[in-house]
Amino acid sequence: MIKRKSKREIEKMKEAGELLASVHKELRSFIKPGVTTMEIEQFVERYLDKHGATGEQKGYQGYEYTTCASINDEICHGFPRKEKLEEGDIVTVDMVVKLNGFLADSAWTHPVGEISEEARKLMDVSKTSLYRGIEAAQVGNRIGDIGHAIQSYAEGEGYSVVREFTGHGIGETIHEDPYIPHFGEAGKGARLKDGMVITIEPMINVGDWQSKMDDNQWTARTVDGSLSAQYEHTIAITKEGPFILTAQEDE
Ligand code: MF3
Ligand code: CO
């Protein structure tokens, strides 16, 4: 069942989204060679606590951390850990923030120091693919239009789109209907309606789209070991167009 949100609910989710966006902005300077993803986790926990918010991922289906931190060939759901990030790594930090009972979800790939041309290009294409998807999230369009916009752009640039993980509706819980694949056919799927709040979060790989699961049963990584990046926003679909609730202004 797809639940639509009122203007007031969307405003409240936007407050959570603005706080989440400010976390990613803080992380831009916090993340550098020598920092660990466990330190990122602790930084985020303290920051949310200071701002009267909590992380919704911790405890969700047994997940034990506030953040996911996915490094290089890890696609998503990497665990925060004690090894130091190295110059040239890329790390995707994903979190769901709860503020005054309302949620927002956003992932962002951050560079660690100076990165390769290959990594920079992947990040650019991944971010643009997110915005192509958002542009397609118009009232009256269909879910397939979002995936089609992302896939045709990313594949056209020579990259691949992960199939196993999708965007999703978000409201009282992290994952609600509808599910939003980042690939697909234009004109297919459910119609997008005013008041729907969804995430769009394409995971884009340099090599093949296939993923494999680590022994921890959470972390997915590319089968071919190629780099993967991800940008995710929570958006409201409105008659005035898609409204990004987790916008970082300058991004
Ligand atoms: N934020 C993730 C998403 O975009 C949710 C991760 S599941 C969790 O769907 F268990 F790690 F929280
Ligand atoms: Co997320």
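Tutor: We begin with the ligand and then turn to the cysteines. This is a predicted model, in which local features need pLDDT of at least 70 and side-chain atom pairs count only at pLDDT 80 or more, while totals for chains, interfaces and linings use all residues. Residues are numbered from 1 along each chain as its sequence is written, chains are lettered from A and ligands numbered from 1 in the order in which they are written, and side-chain values use heavy atoms, with hydrogens and water left out.

Student: Which residues come nearest to ligand 1?

Tutor: A residue is near a molecule if one of its heavy atoms lies within 4 Å of it. Of the 13 residues around ligand 1, those that come nearest are Q57, D94, H168, H175 and E201, and by class the shell has five nonpolar, four polar and four charged residues.

Student: What are the distances from ligand 1 to the side chains of Q57, D94 and H175?

Tutor: A polar contact is a pair of N or O atoms within 3.5 Å. A nitrogen atom of ligand 1 is 2.7 Å from a side-chain N or O atom of Q57, a nitrogen atom is 3.0 Å from one in D94, and an oxygen atom of the ligand is 2.8 Å from one in H175.

Student: How many disulfides are there?

Tutor: A disulfide is a covalent bond between the sulfur atoms of two cysteines. Counted as pairs of cysteine sulfur atoms within 2.5 Å, the disulfides come to zero. For C68, the nearest cysteine sulfur, that of C76, is 7.4 Å away.

Methods
A polar contact is a pair of N or O atoms within 3.5 Å; within protein, one must be able to donate a hydrogen and the other to accept it, and residues adjacent in sequence count only if both atoms are side-chain atoms. Ala, Val, Leu, Ile, Met, Phe, Trp, Tyr, Cys and Pro count as nonpolar, Asp, Glu, Lys and Arg as charged, and the others, Gly among them, as polar.
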